[in-house]
Amino acid sequence: MDDRLAAAFSAVPRERFLPPEQRPHAHWDQPLRLSHGQTSSQPTTVANMLELLDVRPGQRILDVGAGSGWTTALLAHLVGEEGRVFGVERIAELRDQAAAAVEDWHWADVLLATPGVIGLPALAPFDRILVSAEARSMPESLVEQLESGGVMVIPVRGVMMRVVRGDGDGEDTVTRHGWYSFVPLIED
């Protein structure tokens, strides 16, 4: 893990984003249960995804499947106050808890997902998109929300994919980065 990521993990402790009964286990390197069948991803998995995402200060980031808000806060730490992070969560109770948990990072918000819409197309384009739920296929509507040259990290049918959006004339570049298990991305 590079120094910037290590600093983010140190500044944004996982236990702050967990239900009280899960906080004693925050240091475990495994997914931990939230409510509504959702999980807080394994720290090693989050670190791997953030390394692939290559977040830079000042960027605009979309965090799909914000869950507890932990990844939204990590992303906010990485972009700094000159950046902007939008988490999106489809479960209202989780969204409310995540929004409260990230309030110290005033440049980060967690918004309620619009039914039938993936991401936040009205706020696009984004420099980076992190998806913490497994898609059945590559969601083109999310790729379209990337800025030219932007990067998305997303698990698709168990495979972690890194997508670099091509410029207007070029094709997107997609690379594969190992097998992972996530809760499903709700796409309808």
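D2 lies in the segment before α1, where helices (DSSP runs of H or I, at least four residues) and strands (runs of E, at least two) are numbered from the N terminus. With a relative accessibility of 42%, D2 counts as partly exposed; on this scale buried means under 20% relative accessible area, exposed over 50%, and partly exposed in between, using a 1.4 Å probe and protein chains only. The C-alpha atom of D2 is separated by 21 Å from that of S132, and the two residues are 130 apart along the chain. The model is a predicted one, in which local features need pLDDT of at least 70 and side-chain atom pairs count only at pLDDT 80 or more, while totals for chains, interfaces and linings use all residues. Residues are numbered from 1 along each chain as its sequence is written, and side-chain values use heavy atoms, with hydrogens and water left out.

The axes of α1 and α3 are 9 Å apart and form an angle of about 130 degrees; each axis is a line fitted to C-alpha atoms, for helices over the stretch in contact, and angles run from 0 to 180 degrees between N-to-C directions. This makes α1 oblique to α3, given that angles under 35 degrees count as roughly parallel, over 145 as roughly antiparallel, 65 to 115 as roughly perpendicular and the rest as oblique. On the α1 side, R4, L5, A7, A8, F9 and A11 meet W70, L74, H77 and L78 of α3, contact being defined as heavy atoms within 4.5 Å. The residues of this contact divide into 8 nonpolar, 1 polar and 1 charged, where Ala, Val, Leu, Ile, Met, Phe, Trp, Tyr, Cys and Pro count as nonpolar, Asp, Glu, Lys and Arg as charged, and the others, Gly among them, as polar.

How enclosed is α3 by the rest of the structure? Largely so, because 9 of its 10 residues are buried: W70, T71, T72, A73, L74, L75, A76, L78 and V79. Just after α3, G80 takes a positive phi of about 70 degrees.

The largest nonpolar core holds 34 residues, of which F17, L50, L53, L74, L75, W105 and V153 touch the most other members. Such a core is a set of buried Ala, Val, Leu, Ile, Met, Phe, Trp, Tyr and Cys residues joined through side-chain atoms within 4.5 Å. Beyond its neighbours within four places in sequence, L75 is in contact with L50, L53, V55, I61, D63, V85 and L130. A second, separate core of 23 residues includes L120, V143, I154 and V159.

Some backbone details in the loops are also worth a look. In the loop between α2 and β3 (60–64), D54 has a positive phi of about 55 degrees although it is not a glycine; D54 is partly exposed, at 28% relative accessibility. R157, in the loop between β7 and β8 (159–164), is likewise a residue other than glycine with a positive phi, near 45 degrees, and it is exposed, with a relative accessible area of 59%. Finally, the loop between β5 and β6 (126–131) contains P125, which a cis peptide bond with omega of about 10 degrees joins to A124.
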